[in-house]
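Here are my notes on this one, as promised. Have the model open while you read.

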Amino acid sequence: MNAFCALTATQWMIFGRNPRTLFWNLAFPLLLLLIAKTSLQSSASLDERLGALAFSLNSGVFTLGLFGLTWNLAHQKELKLLDRLEVAPVSKALLLLAQAAAFLGLQLAQLALILLLGLPLLGLHLAPPILLRFGAASLLGGMVGISLGFGLIALIRQPQALLAASRLFMVLLFFLEGTFVAPKLWPSWLHTLSTWTPIRLELRLLLTSLGASSFTLPHLIALVGELVALSTLGLVFFPW
């Protein structure tokens, strides 16, 4: 337990010394929120405003896990921090768990900022039970985003190649989320395929928590299955 707390506290110290990580995890989602707000018309419906809130948080969640986490670990690997841990009495599972705990802490800060600024900006008033459901859904999404980062790290060992791959993968996820082209304009096969990707599943879960969509049992099984599969991949093949 002491080792876990020490590793998590060390990650928070690294965050404080790394403006890039703080930007991608905290400032970038707020930028997306402003972009989503400007795209709405003054007569935007409640569902459209809820969609803008869910989109901003969903994009931030996956940016946090996919880009923030991979950049953080690549930076540590370049500084030989992970090489030192390899000879220390620290297991891979404990190291990854500490990384996940630290980034989930950032996820909570991200959630608080988006709610604090997004609700008045979008003219939304959400009851406490809805806020709790929204927060729980975002934490599940945070774990899925972190598992995506772990999976990418397990597959790509070189820090610079990892950073390039994380950027490309993030752009791909944003495309599948519908950031660049509205899904209704896609071919039917692409629309069906994208429905089962982690970023679209999490967006659907966030919207469901706000009462603006429906999330079925197959959707939940797919999302949890992707979380377990990617976490296992990261745990088994994580490179020291």
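The points below cover the core, an aromatic pair and a surface patch.

1. Ground rules. This is a predicted model, with local features needing pLDDT of at least 70 and side-chain atom pairs counting only at pLDDT 80 or more, while totals for chains, interfaces and linings use all residues. Residues are numbered from 1 along each chain as its sequence is written, and side-chain values use heavy atoms, leaving out hydrogens and water.

2. The core. Leu53 and Phe134 touch the most other members of the largest nonpolar core, which has 61 residues. (Such a core is a set of buried Ala, Val, Leu, Ile, Met, Phe, Trp, Tyr and Cys residues joined through side-chain atoms within 4.5 Å; buried is under 20% relative accessible area, exposed over 50%, partly exposed in between, with a 1.4 Å probe and protein chains only.) Helix 3 (46-78) is among the helices that each supply at least two residues, and helix 3 gives the most, 13. Helices here are DSSP runs of H or I, at least four residues, numbered from the N terminus.

3. Phe134 up close. Setting aside neighbours within four places in sequence, Phe134 has contacts (heavy atoms within 4.5 Å) that include Leu53, Leu111, Leu206 and Ser209.

4. The aromatic pair. With ring centres 5.2 Å apart and planes at 20°, Phe175 and Trp186 are stacked (centres within 6.5 Å make a pair, and planes under 30 degrees apart count as stacked; Trp is taken by its six-membered ring). Phe175 sits in helix 7 and Trp186 in the loop between helix 7 and helix 8 (188-194). Trp186 is buried at 9%, whereas Phe175 is partly exposed at 24%.

5. Val228, in helix 10, is partly exposed at 48%. Leu217, Leu220, Ile221, Val224 and Val228 make a nonpolar surface patch of about 440 Å² (residues with over 30% relative accessible area and no salt bridge, nonpolar side chains joined within 5 Å; a salt bridge is a Lys or Arg side-chain nitrogen within 4 Å of an Asp or Glu carboxyl oxygen). Areas are Shrake-Rupley values with a 1.4 Å probe.

Key:
Rings of Phe, Tyr and Trp (its six-membered ring) pair if their centres lie within 6.5 Å; planes under 30 degrees apart count as stacked, over 60 as edge-to-face and the rest as tilted. Patches are made of residues with over 30% relative accessible area and no salt bridge: like charges are joined within 9 Å, nonpolar side chains (Val, Leu, Ile, Met, Phe, Trp, Tyr) within 5 Å.
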